[in-house]
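Thank you all for coming.

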There are 2 protein chains.
Amino acid sequence: MKASQFFISTLKEAPADAEVVSHQLMTRAGMIKKLGAGIYTYMPMGLRVIQKVEKIVREEMNRAGAVELTMPVVQPAELWQETGRFEKMGPELLRIKDRHDRDFVVQPTSEEVVTDIARQELRSYKQLPKNFYQIQTKFRDERRPRFGLMRGREFIMKDAYSFDRDEAAAKASYQVMAAAYRRIFDRFGLRYRAVAADSGAIGGDLSEEFQVIAATGEDAIVYCPSSDYAANMEKAEALAPQEPRPAASNPLTKTPTPGKSTCADVAEFLGMPLANTVKSLVLATDEVGEDGQVLRSQVWLLLLRGDRDMNEVKVSKVPGLDAGFRFATVAEIESHFGCKPGYLGPVGTLLPVKLVVDREVAVMADWVCGANEADFHMTGVNWARDLPEPDLVADLRNVVEGDASPDGKGVLAIERGIEVGHVFYLGTKYSKAMDATFLGEDGKPAFFEMGCYGIGITRLPAAAVEQNHDERGIIWPDAIAPFTAVICPIGMDRSEVVRQAAEQLYSDLLAAGIDVILDDRGERPGAMFADWELIGVPHRITIGDRGLKSGQLEYQHRRDAAATQVAVGDVLGFLKEKLAG
Amino acid sequence: MKASQFFISTLKEAPADAEVVSHQLMTRAGMIKKLGAGIYTYMPMGLRVIQKVEKIVREEMNRAGAVELTMPVVQPAELWQETGRFEKMGPELLRIKDRHDRDFVVQPTSEEVVTDIARQELRSYKQLPKNFYQIQTKFRDERRPRFGLMRGREFIMKDAYSFDRDEAAAKASYQVMAAAYRRIFDRFGLRYRAVAADSGAIGGDLSEEFQVIAATGEDAIVYCPSSDYAANMEKAEALAPQEPRPAASNPLTKTPTPGKSTCADVAEFLGMPLANTVKSLVLATDEVGEDGQVLRSQVWLLLLRGDRDMNEVKVSKVPGLDAGFRFATVAEIESHFGCKPGYLGPVGTLLPVKLVVDREVAVMADWVCGANEADFHMTGVNWARDLPEPDLVADLRNVVEGDASPDGKGVLAIERGIEVGHVFYLGTKYSKAMDATFLGEDGKPAFFEMGCYGIGITRLPAAAVEQNHDERGIIWPDAIAPFTAVICPIGMDRSEVVRQAAEQLYSDLLAAGIDVILDDRGERPGAMFADWELIGVPHRITIGDRGLKSGQLEYQHRRDAAATQVAVGDVLGFLKEKLAG
């Protein structure tokens, strides 16, 4: 490609609404252009990146035996009503009425449509396993779209759906996809981690997120540097402490803590470590009658160490809370504890509450908690002596750096990531909802066992930029760079020697199958280099009159601090070696 | 590709709602699957065809210097309000409200968005010419979607938009696209015609449709077999007859024609050729005040030969009718002619009407028209003698086979076609509406001169099927076949010799870069052949035990009546020769 034939549009300044670096740099590099909130045109420079991502994904999906099709963007609501998602999904699902006033949605994913295809097309176990995928435009009407391609409303996703005859076969299909995803992410040339994720109500361990590592990532990734354990924060288990509970050594004391309603304030006020305090979280569950009226409610008290964060996913798996819970109202709190929030605790409640104790709290001694009286805390609290031994102990908290790894092979570390892929075992959730069956080997109809597998095609480039940039701009990995190499001739319009050398090198690189752009725009060197550093083409070759006199060109990788002199005749070999590395 | 790894799903019967052969065959061949009215999933077999079409289009668009981008499917209404199309387009434009109650549309085309990009990005004449294109999902909410991919609601279109500094440059860009389209359609391997089309209010001749020839086509294509003249029916000019008007020979006579209100009935009743009769069409134009009220109306009488069809596009260009017209009401007709429709004529009207006379009628003598009295016609009508010479003569009719070609090089023929591409000079219609300017060489802002260029990516395969099929199924041209060749082994599961020969040939063809599928499903020969004939893969190689004993395979093109024996060692060369042909 010659720059004069292409479209290059760089900006000095990022738009005011660009909060994250990928949004800033991709806009400045002319890769994306905002049309509306969360809606972007993929400009020529950006589309090349997206198409390279698509190509890698397509090749590896095909290699893994998945079969590509394309489902409609605009989908009839009927199928979405079969699974109940038309009602359940809320305003994120973009709804349309056509000219005949029929309901449609713009697809956010395609479980319903693909399951409808399967129930019509896959009639026998002999046709299984089958994995259908598409690379197609999606829409999610995010309440607050932002961060450019990181959290857009319209985006491109690769979504795949596997259909199997039984759970064992479905798990095998899942593993095939998990392996394909590793090949895909390896080929992208990004640092990433496949992390175990929560699989929701379905259970089992068959849910992994593919996280691109970036300091700016929204997600916390938990991993063990000395093993291959990795999970997202929701999933990562905090093991029960190994040490036994120390003996009680302090008396239970009601201690004045005037105005100190947080654990941190109390610890500071009392001059003790925050880890000695216990925080009380009050939840409630409702029993609902057939008419939707709440018949009765139950109040729950959760105890966590004062320096820990509650993990909502873990809490939602506690028996009794697993059908849904809410935070208790102030009225409920006052009726049960006789006290406003800020001074609550398990000792001496007015009405009985269900107690759930974090594994850590269960082995603490001489701890501090609210006294159920404003401006007072209890100190020297001890299990068995001051209140009964907890009977419901669970993992309720987020892990922290230094926690023991669940695989017993070291301690946990935490880094930030951007979720770009997800493989997920669905079981029969959709096939049962849509009565999607096939005839089994025994001649009886059976529900499909399904899996789903997504990759955010337009999110991936944004994640790549978050991971790979510097103050001058983007630094693309070779595999997904808009161009692998750029030739920058200095004074091409003045020097016939430079022009000829540039054109010759351009032809040679093209002939060698290298995706090269020749910058024939006639820009001055400073502006030209700044453009390509912003755009982030990894390999640059500069051609100038001075160097040519001694038969030299300049090579500089986008990460190099300085250029390397290369003899004109050696440059193709030199570059090939760089690309192979 | 091996069939066992792919997805093949053929049907014996076409769906009840499939009216046209492409819809029937593409559904039966498992290429498309209906999800809703006018909304289809492109199944794996069909998607391969679409992707091959896309690849050819992309390669030739790039070669012609166009630059690819991707504009959003969901577009904010604001831009559509700038051009007025949000209101004007009617229910065909699919409208959406997002969660914040803002208006959006699902793009039917992208003139507004691309013009918005141009007015922001193309600031100087130095950046021109520029041609942006996309291959993207579109939606038109057709009132009566039908014919499968021929007239769907959701479809894929390649739409390109050129931006130029002046009309001459825009016309050059148009010609570049017109030439690129010829290369594209040549590569598809279909019989097609580029025909001149009406360019609407913009004028000029810069509008061509690319029509795939098919007996079932919706459009009539007019061409001259002895020259390169070709136009669509709207556009094709009917020249004025060369012969002078004959002298009057019959007296003007009011003749009873009881109950004969059509030209055909009158001609039959009077025993004269239909070509002697003249039909009267009554139109009206309205002068509208600023408040939208009709201030006054004008009634027009159009005269055409009784055997001719009115051409609405031509009528809409008659001076005085070019700002819009309607058919007159019965009340207007009665007040002007004193008579009900069916017996109208230009002789002796009650109120004056504006007369527009087709070129043919202007040179007729002794003709027949209504007498403005029920059950009576005038015979022996002659210009000058019975009514004044016509002062407004125009081409008002559709041409017919045998009419003189407008280029004077022969006579016209007519065939049917399916419009799949359109190149169109837009001028400043959109740039003026959206105030889209660039800085010209003179330092002054100027409106972009634009062109637009579409290809119906998903319509093309349907048109190909309409043109190329027989009673057994589809016959794809090589370039867009889902697979170029299929290997059909007979008894692969029983014969190791057959299996090895099939696998070897499969590897050899793949290595030679031939897009081949090996049917390893183990189907019986009859069912296997029927599938591939329905699917329409052009080249088939059959491998059987019997043939292998004498070192022979069977080759059969989809159009061949019988197979050809080819020695195993020669088959690759044989096939390559077929593909080159």
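I will go from the contact between the chains to a pocket, then to the salt bridges, and finally to some details of the backbone.

Please keep in mind throughout that this is a predicted model.

Let me begin with the interface, where the contact takes 57 residues from chain B and 57 residues from chain A. Between them, the two chains bury about 4,600 Å², and 60% of that area is on carbon and sulfur atoms. What about charged and polar pairing across this surface? Side chains of opposite charge can pair when their charged atoms come close. Across the interface of chain B and chain A there are 4 salt bridges, and one that I can point to on the screen is formed by the side chains of E121(B) and K33(A), with N to O at 2.9 Å. Sorted by class, the side of chain B that touches chain A has 27 nonpolar, 14 polar and 16 charged residues. Polar contact, for its part, accounts for 22 residue pairs across the interface of chain B and chain A, counting pairs with both residues at pLDDT 80 or more.

Now to the second largest pocket, which holds about 1,400 Å³ of space. Its lining comprises 49 residues, and those closest to the centre of the pocket are T109(A), R140(A), M157(A), E419(A) and H422(A). Which element gives the largest share of this lining? That is β21(A), with 8 residues, while the elements of chain A that each supply at least two residues include α4 (85–88), β8 (154–164), α10 (429–433) and β24 (449–456). By class, the lining of this pocket divides into 21 nonpolar, 12 polar and 16 charged residues.

Turning to the structure as a whole, a search over all chains finds 102 salt bridges. One of the salt bridges within chain B pairs E218(B) with R459(B), whose closest N and O atoms are 3.8 Å apart. Because E218(B) sits in the loop between β10 (207–213) and β11 (219–223) of chain B, and R459(B) in helix α11 (residues 459–467) of that chain, the pair ties together parts that are 241 residues apart in sequence.

Last, the backbone. Most residues other than glycine have a negative phi, and most peptide bonds are trans. In chain A, however, the peptide bond from L128(A) to P129(A) is cis, with omega near -5 degrees, and P129(A) lies in the loop between α5 (111–121) and β7 (130–139). In chain B, a cis peptide bond joins L128(B) and P129(B), with omega about -5 degrees, and P129(B) is found in the loop between α5 (111–121) and β7 (130–139) of chain B. Finally, D375(A), which is not a glycine, has a positive phi of about 70 degrees, and its place is in the loop between β18 (367–373) and β19 (376–381) of chain A.

How values were computed: Residues numbered from 1 in each chain as written. Chains lettered and ligands numbered in written order. Heavy atoms only, no water. Contact = heavy atoms within 4.5 Å. Buried area = accessible area lost by both parts, 1.4 Å probe. Polar contact = N/O pair within 3.5 Å; in protein donor to acceptor, adjacent residues only side chain to side chain. Nonpolar A, V, L, I, M, F, W, Y, C, P; charged D, E, K, R; others polar. 1 Å grid on protein atoms, 1.4 Å probe; cavity = no way out; pocket = protein on both sides within 12 Å on 5 of 7 lines; lining within 4 Å. Points joined across faces, edges and corners; volume = space filled by probe spheres on them. Helix = DSSP H or I, 4+ residues; strand = E, 2+ residues; numbered from the N terminus.
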